[in-house]
Amino acid sequence: MAKSGRTYDVIIIGAGSVGVPAACFLGKAGLKTLVLDRYASVGQGANKAAIGGIRATHSDPAKIRIGLKSIEIFSTWQETHGDNIEWQTGGYTFAAYRQREEEILKGLLKIQQSYGLNIQWLNRDDLLRAVPALNPEGLVGGTLSPEDGNASPLLSLHAMYRHAMQNGAEFRFKETVTEIPVENGKVRGVKTDRGHYSAPVVLNAAGAHAQGISRLVGLDTPVVPDSHEGGVTEPVARFLEPMVVDIRPTDGSANYYFYQHHTGQIIFCITPDPPILGTDRHETSVFLPMVARRMVDIMPRLRNIKVRRTWRGLYPMSPDGAPIVGKMKEVDGFVQAVGMCGQGYMLGPGLATYLVKLILDDVDEEDREVFEVLSPYRRFAGVEKLK
Ligand SMILES: Cc1cc2nc3c(=O)[nH]c(=O)nc-3n(C[C@H](O)[C@H](O)[C@H](O)COP(=O)(O)OP(=O)(O)OC[C@H]3O[C@@H](n4cnc5c(N)ncnc54)[C@H](O)[C@@H]3O)c2cc1C
């Protein structure tokens, strides 16, 4: 049990999608690690709101590399560590109903394949063979990346939590970080509403609240809480393999995505447009009519399925849709792993392996490329195409 006043190698703020796998891998690397969270157990921030999608199908090389590493970890977790995290290799399909989306998706294939991603463009008939329930009317084709998949956010986080503790990491819950003392430009540890802890390295993994943590050391990190809703239906007989993503923007929403859980339920999400910024986690009456119309349009057989429950959580949004990861030059020992947007669950374990190398100063040329893309000092000019 962690005690106030103790000294650690690393203190992680946030026991969420990023902080827990980071603790697991930092502990494994022999670093004395403490994780602090204001909630009563792991995964109670955005992690438990995630619908469980895990892909390496991204548009930037850093996220493709981290995604591939994450898939390796999630997909082998049960055989390596023994815990069933409900990993399912269902794949992802990005369907195109217009030339615009066809061009975006085809334009990304080369880079995706060059980073080792197993992804192909399927014409209309081949895509309908892979996903027969798609509405054929107007369908042009789409991508299929069969090695992507899904797993349970809570089961995987709890499994990684147990292994983090076996690896020597300590956790303290119901404890809010209120101060990060800095002396001569170096972090000294953290103070909470219940105690104080020392460490030369503090990792900001506070999700939607990352900006508030950065401000404790006088930094401004452009991460804002952005409300997103999800939902789950009743279970039905299995008919759908991959996660289906439709990136066509329409009035009120951008992309939406859904898949069939191995127990038969359809789990779904939509991206409101314009975004709904803020920390409100109450469900709205707008979400369901908006997402249901679009899902029935792309997959008419969903028209009679009953929705069991909806919920709302917070994406930690960065300005360009990519995570913000790196050591801060202004405050020695303060490290960011924030701005995960809609992908923190899938990126968490892969990112953890990179964070170990960053913290141990063991970064090679290939890792450096990843950190450059995710650098807190980048210009935030572009927007990731598959955010
Ligand atoms: C509806 C919905 C669907 C989603 N679907 C997916 C999906 O399919 N796949 C995917 O990869 N992602 C998905 N996401 C996004 C994903 O949930 C987030 O990107 C991810 O959980 C962020 O991880 P994180 O570790 O940065 O933050 P969190 O998991 O929120 O963890 C941050 C933790 O920091 C703690 N904290 C903050 N401030 C303090 C403080 N001062 N003191 C102590 N503790 C503090 C919080 O309590 C929290 O537990 C979805 C999100 C939503 C809302």
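Start at the ligand and select Ala 46: one of its polar backbone atoms sits 2.7 Å from a ligand oxygen atom. That is a polar contact, meaning a pair of N or O atoms within 3.5 Å. Next, click Cys 341, where a backbone N or O atom is 2.7 Å from an oxygen atom of the ligand. Then try Ile 51, with a backbone N or O atom 3.1 Å from a ligand nitrogen atom. The protein buries 98% of the 1000 Å² that the ligand exposes when taken alone (Shrake-Rupley accessible area, 1.4 Å probe).

A word on the model: it is predicted, with local features needing pLDDT of at least 70 and side-chain atom pairs pLDDT 80 or more, while totals for chains, interfaces and linings use all residues. Residues are numbered from 1 along each chain as its sequence is written, and side-chain values use heavy atoms, leaving out hydrogens and water.

Helices here are DSSP runs (H or I) of at least four residues, strands (E) of at least two.

Last stop: the open sheet of 3 antiparallel strands, ordered E9-E12-E13. Strands pair if DSSP finds at least two bridges between them. E9 (177-179) and E13 (196-198) are the edges, each with a single partner strand, so one side of each has no neighbour in the sheet. Zoom in on E12 (189-192), which pairs with E13 over 3 bridges, and find Gly 189 opposite Ser 198.

Note on methods:
Polar contact = N/O pair within 3.5 Å; in protein donor to acceptor, adjacent residues only side chain to side chain.
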